[in-house]
Amino acid sequence: MTDISKDAIAPPRSFLSQDAIQVFYRLLAALLICAVLAVLSDSFLSLGNILNVLRQASLTFFIASGLTLVVLTAGLDLSVGANVALSACIAGTVIHKTGSPALGILTGLACGGIVGLLNGVMVTALRIPSFIATYGMLWVLNGLTYWYMAGETLHGFPAGFRQIGSGYLFGLPIPVYLLLVFLGIGTLFAQRTIWGQEIYAIGANPVAARLSGIPVARRLLLVYAVSGTMAGLASIIFLSRLNSAEADIGESLTLPAIAAVLIGGTSLFGGVGTVFGTFIGALILTLVLNGMNLLSVSANWQPLVTGIIVILAVWLDMKTRRRAQ
Amino acid sequence: MSTAALAVEPAAPTPLLELRGISKEFPGVKALDDVSFAVFPGEVHMLLGENGAGKSSLMKVLCGAYRADAGEFYYGGKTVAINSAADAQKLGIAVIFQEFSLVPHLDIAQNIFLGREPKGRIPGTIDRRKILADAARVLGTIGFDIDPSTIVDKLGVAQQQMVEIAKAISQNARILVMDEPTAALSDRETELLFALIARLKADGVSIVYISHRMAEVFALGDRITVLRDGRRIDGVRPADVTPDQLVRMMVGRNVDMTYPRNFADKPGEVLLEVKGLSATTGISDISIEVRRGEIVGLCGLVGSGRSEVARAIFGADPVSSGEIIFDGKPMSGEPDLAARRGIALIPESRKSEGLALLRSVGDNLVVSALRKLFPSGLFDQRRAQRTSDGLIRQLRIATPGARQTVGLLSGGNQQKVVIGKWLAAGSKLFIFDEPTRGIDIGAKSEIFALIDRLVAEGAAALMISSEQVEICHVCDRAYVMREGRIAGHLARNELTEENIVRLGMHHA
């Protein structure tokens, strides 16, 4: 009896938040893709293949997780791929010259972070739209990397360093642990800190955010620096996995990272999305490409399929959100 | 109310347009419930109601933007259908919305004849001479003396409104629906608009006029229809009612329009002191003082620099010279600093500057208090929820819950959310910029009661308002601005509408 009276005065049970519903849809989509692939291909469900998918998804996710924060503020960072290339080349050089992987890792992270900070300065102090600032930065970084490398390839790193990208721990690839760690950190940062809340507020309405007392410029600097640092992290994993670095390694990274963010349900208009959604986005993207490989579909079809998935995901997202309103 | 009650005057001519039993439902809301409404030729029909009463929905049904779920339309006594904007236009119904639908970078003539341009001799061209001549003729009929080749972007709000009216007239509009047309006009511009309305009436054009201002209702209206909660409450003539009676009809309860205040005998210590403040936004040599326990008015014409003073104090615009001393210590910096020191700004345009419309009520309520509520930097959803639930109860914000999207609330409730976020932040000085704009009367008195309570508890308020009645009733004293400067100061016993107007007028 007491239970009933309690129910009567309790506020109506709160529904799942919009974000949670959108993430749920995406998980469902990922599972559906898995089910289809499991039926179509014998090798899909093998442990080796699943670990391979996770490892590939992790690379996209590292870049895309930082990018998610930028997109949440209604910005865009087009320089992440070029940033990975420059950071990898510089980190690789430091390891070659000093023989110290630790120093190399620090340099790579710092390089990425500084580039991100410069993006942030252009967006806040110079008020250049992020799309243009980071697009210009992309060319600048490419130019620097090509000049610095002068056509050379860095090759051969210490075995310990190579473990980061290709090693295993208790049967799981090390990048998968890193993925889980950064998925946790990213989600906590976005959902459970006041900086995260402020980032959502800035994306939803930057003018109102400023007039609500949020230090908008400082938060934007932070967000671009984080995006750059995550590119730095990706560069380390890239370097250690490929065991080499060239000037052009970044060129195929930016667009898939943006695709993961969009498939993950983060709105380019800002204020809506989650880091976890981006993880699912990276997973869906990798699963589809992996499935196409397993089914011996020519790699030439991959860009087309990626494009269709992005458009489909955003369209479904808009449809379901509009209905919820 | 039966439709029979509609015929206020038994010998009245056939209505030009009559709506019977209109209903319109949205998921969860009955926006219009069996509403009947008639417009006679050449009358000004005032449409009254609080925000959310159904005025906008009725207007949208009239102009074909919404399709009524049930109900009948009669035009000159004959059944018609209004299912689309084209239907409404054919019947001569035109709406002047608060947000104009003009193309800013085209000129007046192009805007008036947009999509109906006279064709030139070469196919695909426009007869420039004819369009200008036609536009000049239309502008002439409404007595608006301006070069039709002026780019719309260069026009003030009042002039753009004139262009909208000219556009409607050029489409042979017989019924002109105007949504709070004086909301953004100065007194002088309002007079011009009223003169135009008289002229249109004389030509037999009917006007449906939505307003929140009592004075206009009695000055202009031939008849008044009051809506509340989607229902038609009554149709009356201005001569037969008092403002108080109208307010009761709108609100459904007694509301005190005098905004009673407990004026403090002795104001407290000085909280804000501004000395010789100038900024590139057009204000110069501003010196004002606000004490704890006071509501200080900041009046003057629109454009006299009132909002710019508020923004400069809050750090939203850079200051070029002068001093701001808050709570005994000098202050300079961005809004985040001002907010942390205890200053709150409730901006004039709450939708674009006060709220993140797509976010929830709860998100908006805690956004300024994040640092105070979570000093560790770790955000706790349950704590945030408790805080916003408390504010929703305290401010009586009408919302299904803290998760509701704030953009779906009515204007008055949105304003309460903006105020609420600063209550959560524990602000000491509240700067209100037009706090009651677009807010219905019930919510207005609630907001004034709230401000009164705030200052009684030791906070202070600086209140910008174009409603001189409100300033006179609510403020302890007031500064009057003119052309970016303080033109004068009015103590409580000098605070009259005449004095405010006298000080604020240009003496060119």
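The model is a predicted one. For chain B the focus is on sheets, including an open one of 6 strands and an open one of 4 strands. The two chains also touch: 27 residues of chain B are in contact with 21 residues of chain A.

**Chain A: overall size**

- Along its principal axes, the C-alpha trace of chain A spans about 75 × 55 × 40 Å.
- A compact globule of 325 residues would have a radius of gyration near 20 Å, and chain A, with 21 Å, agrees with that.

**Chain A: helices that cross**

- Take helix α5 (residues 101–124) and helix α11 (residues 216–242) of chain A: their axes come within 6 Å and cross at roughly 150 degrees.
- The crossing of α5(A) and α11(A) is right-handed.
- What kinds of residues make up the contact of α5(A) with α11(A)? There are 15 nonpolar and 12 polar ones, and no charged ones.
- Helix α11(A) also meets helix α7 (residues 159–166) of chain A; these axes come within 7 Å and cross at roughly 110 degrees.
- That angle makes α7(A) roughly perpendicular to α11(A).
- On the α7(A) side you'll find A:Phe161, A:Arg162, A:Ile164, A:Gly165 and A:Ser166, and they meet A:Ile236, A:Ile237, A:Ser240 and A:Arg241 in α11(A).
- The contact of α7(A) with α11(A) divides into 4 nonpolar, 3 polar and 2 charged residues.

**Chain B: the sheet of 6 strands**

- The strands of this open sheet line up as β6-β7-β8-β3-β9-β10, and their pairing is mixed.
- At the edges are β6 (93–96) and β10 (231–236) of chain B, each pairing on one side only.
- On average, neighbouring strands in this sheet are turned by 20 degrees against each other, ignoring direction.
- For a parallel pair, look at β7 (residues 175–179) and β8 (residues 206–210) of chain B, joined over 5 bridges.
- Within that pair, B:Asp179 stands opposite B:Ile210 in β8(B).
- Helix α6 (residues 187–202) of chain B packs on the sheet and touches β3 (44–48), β7 and β8, with its direction at about 145 degrees to that of β8(B).
- Helix α8 (residues 243–251) of chain B packs on the sheet too, touching β3, β9 (223–228) and β10, and its direction makes about 35 degrees with that of β9(B).

**Chain B: the sheet of 4 strands**

- This open sheet has the order β12-β11-β14-β15, with antiparallel pairing.
- β11 (residues 270–279) of chain B pairs with β12(B) in the antiparallel sense over 6 bridges, and B:Leu272 stands opposite B:Val290 in β12(B).
- β11(B) is also joined by 6 bridges to β14 (residues 319–326) of chain B, again running antiparallel; here B:Ala279 stands opposite B:Val319 in β14(B).
- The antiparallel strands β14(B) and β15(B) share 2 bridges, with B:Ile325 opposite B:Pro330 in β15(B).
- β14(B) and β15(B) form a hairpin with 2 residues between them, and B:Asp327 in the turn has a positive phi of about 55 degrees.

**Chain B: another hairpin**

- Strands β19 (residues 477–482) and β20 (residues 485–490) of chain B run antiparallel and are joined by 5 bridges.
- Across this pair, B:Val480 stands opposite B:Gly488 in β20(B).
- The hairpin they form has 2 residues between the strands, and B:Glu483 in the turn has a positive phi of about 50 degrees.

**Where the chains meet**

- On the side of chain B that touches chain A, the elements giving two or more residues are α10 (335–341), α11 (350–354) and α13 (370–373) of chain B.
- Which of these elements gives the most? That's α10(B), with 4 residues.
- Sorted by class, this side of chain B has 13 nonpolar, 6 polar and 8 charged residues.

Key:
Residues are numbered from 1 along each chain as its sequence is written. Chains are lettered from A and ligands numbered from 1 in the order in which they are written. This is a predicted model: local features need pLDDT of at least 70, side-chain atom pairs count only at pLDDT 80 or more; totals for chains, interfaces and linings use all residues. Axes are lines fitted to C-alpha atoms, for helices over the stretch in contact, and angles run from 0 to 180 degrees between N-to-C directions. A crossing is left-handed if the near helix is turned anticlockwise from the far one by less than a right angle, and right-handed if clockwise. Ala, Val, Leu, Ile, Met, Phe, Trp, Tyr, Cys and Pro count as nonpolar, Asp, Glu, Lys and Arg as charged, and the others, Gly among them, as polar. Two strands pair if DSSP finds at least two bridges between them. Angles under 35 degrees count as roughly parallel, over 145 as roughly antiparallel, 65 to 115 as roughly perpendicular and the rest as oblique. Two residues are in contact if their C-beta atoms, placed from the backbone, lie within 7 Å. The radius of gyration is taken over C-alpha atoms; the globule rule is 2.2 Å times the number of residues to the power 0.38.
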